[in-house]
Amino acid sequence: FPSHDSENHFTEDAKYYERKMKEGDKKYFYLRQPTSSNPRISKEQLEDIRRKHVERGEEEIFTREYEAIFVPGGASAIFKMFNSDFHVRPRDWIYSRLQKDFGKCEMWVVADPGSTTVFAVGFFVLNRYTGEVFLVDEIYEKDDKLCSVGQIWPRVLATEAARFGSHMPIRYYDEAAAWFLNELCAQFPNNCGITPTNKKQYERDNAFNADSCSVVKDALVMKKFFIAEECLNAVFEMTNYHKNDKGMVATNQADHLIDCIRYLFHESGWSASRYTIQTVSGYERNFYTPEDDYRKPFKSDEESSFLPSHTNELDDYQLEDLWN
């Protein structure tokens, strides 16, 4: 793997080869072996190297360079608790999980309009009874020639019908895009019900920083937020979202659907204190890798596998310890 911590063509190739092998395509071969598998390497020396990395707060570097495990975002990742093996699920699995409560759920559509950049829209289902939030679909238009309201809004309505059926969604858009509502009302006067966000409630200043993501972190740690695996752009952004050397959110990175996710959690009033948190035993790292033992109970798609073995009323300090 390369020395940096962002998705690239090496990691994409590895995923592709591994997937082909699992499908039984004998033209592809993928093998990953950690340094410890080399019999000529001293296990004591390797453990000493690991301990030194941990003491320097660089365990993710050891994990990547000595265990051959890709650590998305590394130490600078904002959503270190994002586990693609658990939080990313097939859309069919999501709808199966929602089957009993679907009629009682809230449907949300949140837009981050962009006329010359990416125009992103997230389609969410919020189950108030369980506190679970599901991102079931996305629009991620990168071609600025197709970012006009006249072209995007019919796609939004079509996706709403496909994902929500007859349920009327709650719609929000980034208040900074004042032009969006004006054009929407002019072109679609009979179907333009949408509300601007009120970002001043949860952003301390105009320069957005990582603190605004705290509620999303809560949902991830509590296993209340799932993304349909068909939402490739959302998964990519969540995996690679990172801070700069000053601890602020790095500029010039993809965050369009992350904005939609943040707006959904804040505007819906989702609160960690309303739900319970599963106790995670043996938790040591502050980031996730595919080999983390605590993921294994959640590999099965059987409903019983997702029932926590022990729950307790949420403690703010306990929650902070888990995702900080």
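Which residue's side chain does Thr 197 join through a polar contact of 3.1 Å? The partner is Glu 175; a polar contact here is a pair of N or O atoms within 3.5 Å, and within protein one must be able to donate a hydrogen and the other to accept it, while residues adjacent in sequence count only if both atoms are side-chain atoms.

A quick word on what you're looking at: this is a predicted model, where local features need pLDDT of at least 70, side-chain atom pairs count only at pLDDT 80 or more, and totals for chains, interfaces and linings use all residues. Residues are numbered from 1 along each chain as its sequence is written, and side-chain values use heavy atoms, with hydrogens and water left out.

Back to Thr 197, which sits in the loop between β6 (195-196) and α8 (214-221). Helices (H or I, at least four residues) and strands (E, at least two) are DSSP runs, numbered from the N terminus. With a relative accessible area of 5%, Thr 197 is buried (buried is under 20%, exposed over 50%, partly exposed in between, using a 1.4 Å probe and protein chains only). Leaving out residues up to four places away in sequence, Thr 197 touches Tyr 172, Tyr 173, Asp 174, Glu 175, Tyr 202, Tyr 263 and Glu 267, where contact means heavy atoms within 4.5 Å.

Now follow the chain past α8. Lys 223 is in the loop between α8 and β7 (225-228).
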